[in-house]
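Please walk through this model with the coordinates open.

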2 protein chains.
Amino acid sequence: MLDRLDKKILSIIQDDATIPVAEIAKRVGLSTTPCWRRIQKLEEDGVILRRVALLDPKAVNTKVTVFVSIVTNQHSEEWLKRFAELIREFPEVVEFYRMSGQVDYLLRVVVPDIESYDAFYKRLIAKIEISDVSSAFAMEQIKYTTSLPLSYIQLEKDKPV
Amino acid sequence: MLDRLDKKILSIIQDDATIPVAEIAKRVGLSTTPCWRRIQKLEEDGVILRRVALLDPKAVNTKVTVFVSIVTNQHSEEWLKRFAELIREFPEVVEFYRMSGQVDYLLRVVVPDIESYDAFYKRLIAKIEISDVSSAFAMEQIKYTTSLPLSYIQLEKDKPV
DNA sequence: AATTTTTTGGAAAAAATTTCTGTTTCAGGC
DNA sequence: GCCTGAAACAGAAATTTTTTCCAAAAAATT
């Protein structure tokens, strides 16, 4: 169970993972050791999954996002497993959801341009037989964050000051 | 312009930003200093945007993803600006795209459950008058990565070994 | 109410890593 | 062949992380 301090720590490091523990400690009102220990525990407990560097899509030539909606008539467990396996191998697919409603699956694909998307699309349908695929192009990424809202965390009962 | 070594470095740190520079250097076949300098430059040049900790959605109670499609009749620059501003303030909105095609805007929203989504939705439409909103719920996140494909990088002409 | 156990925090030292400095190497141009 | 600049290296200095040991507070038990 997390408390107010853990939440503060998470808020800091999910925004910037380069801040030294001593500085985090200062900001949350602890000394380095207990703060360091809390971070360790958050990692052990799997609250912190990993630390990564985020790259500029422009710089790596993948500024176009395409949302790919897939409707299929295949619904067996086995089929999904194979499908998921195959999709996972495409580095262009950065997100992949199983949906409720009309659409069965939704992919977010990143590529340099429309031509590249077409090439990707051909490679995709060559690998997997899918009945209905439709693509929606993003013109602009207005917001993108890896920071999750922390307001829904169920806090441990906090001691009154 | 990036070369083969930069690409290797990016590949490593966009996957795991905790690896020491000395270890990265070893893996790409450099000593620490030149490797460190390359990383510095990649940061200066904005290829590396930031380093962050990724949290477990389950652990912070935001395991439900909802894709919100918005169709509007408002299309002025001014309206979009205000709209974007407002959306940005909702921490539940982790992605926000301006789309081509039927849908004008697409949001990815993360919340604990359907009820919370309803509450979020009410707060959203209270702030902004939007004509048509439709929500699609993700049942399962099959893949989610912040790692961009590096295969589209235009490499600097590499010297033959 | 007193005692023990457990938890949490702190200071300081040790270890590891990052950052910087000066020097060397190497390819290409003159 | 020699110069020039870019890129590499080794090692020192600075910073940060990690460990160790101890104190205080809180919780549980007698």
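Across the interface of chain A and chain B in this predicted model, 43 residue pairs are in polar contact, both residues being at pLDDT 80 or more. A polar contact is a pair of N or O atoms within 3.5 Å; within protein, one must be able to donate a hydrogen and the other to accept it, and residues adjacent in sequence count only if both atoms are side-chain atoms. Helices (H or I, at least four residues) and strands (E, at least two) are DSSP runs, numbered from the N terminus. Strand 5 of chain A gives the most to this side, with nine residues. Sorted by class, the side of chain A that touches chain B holds 41 nonpolar, 12 polar and 13 charged residues. Here Ala, Val, Leu, Ile, Met, Phe, Trp, Tyr, Cys and Pro count as nonpolar, Asp, Glu, Lys and Arg as charged, and the others, Gly among them, as polar.

The size of an interface is often given as the accessible area lost when the parts come together. Between chain A and chain B the buried area is about 6,200 Å², and carbon and sulfur atoms give 61% of that area. Buried area is the accessible area (1.4 Å probe) that two parts lose on being put together, summed over both. In chain A, the residues that lose the most area to chain B are A:I142, A:K143 and A:Y152, together 13% of what that side buries. Chain A brings 66 residues to the contact and chain B brings 66 residues, where contact means heavy atoms within 4.5 Å.

Charged pairs also cross the boundary. Six salt bridges are counted between chain A and chain B, a salt bridge being a side-chain nitrogen of Lys or Arg within 4 Å of a carboxyl oxygen of Asp or Glu. A:R108 forms a salt bridge with B:E95, with 3.2 Å between the closest N and O atoms.

Which way do strand 5 of chain A and strand 3 of chain B run? The two run antiparallel and are joined by five bridges; strands pair if DSSP finds at least two bridges between them. In this pairing A:Q141 stands opposite B:Y97, and A:A138 stands opposite B:M99. Strand 5 of chain A also pairs within its own chain, with strand 2 of chain A, in the antiparallel sense over six bridges. There A:S69 is opposite A:S134 in strand 5.

Now turn to the DNA. DNA strand C is surrounded by 13 residues, of which A:S31, A:T33, A:R38, B:V21 and B:W36 are the closest; a residue is near a molecule or strand if one of its heavy atoms lies within 4 Å of it. Of the atoms of DNA strand C within 4 Å of the protein, sugar or phosphate provides 57% and bases the rest. A backbone N or O atom of B:V21 is 2.8 Å from a phosphate oxygen of this DNA strand, and a side-chain N or O atom of B:W36 is 2.7 Å from a phosphate oxygen. The side chain of B:T33 has an N or O atom 3.0 Å from a base nitrogen of DNA strand C. Helix 3 (32-44) of chain A and helix 3 (32-44) of chain B are the elements that give two or more residues to the surface near DNA strand C. That surface divides into six nonpolar, four polar and three charged residues.

Around DNA strand D lie A:P20, A:V21, A:T33, A:W36, A:Q40, B:L30, B:S31, B:T33, B:P34, B:R37 and B:R38. Sugar and phosphate make up 67% of the atoms of DNA strand D that come within 4 Å of the protein. The side chain of A:W36 places an N or O atom 2.8 Å from a phosphate oxygen of DNA strand D. Bases are approached by A:T33, with a polar side-chain atom 3.3 Å from a base oxygen, and by B:R37, with a polar side-chain atom 3.3 Å from a base nitrogen. Helix 3 of chain B gives the largest share of the surface near DNA strand D, four residues. By class, this surface has five nonpolar, four polar and two charged residues.

Residues are numbered from 1 along each chain as its sequence is written, and chains are lettered from A and ligands numbered from 1 in the order in which they are written. Local features need pLDDT of at least 70, side-chain atom pairs count only at pLDDT 80 or more, and totals for chains, interfaces and linings use all residues, while side-chain values use heavy atoms, with hydrogens and water left out.
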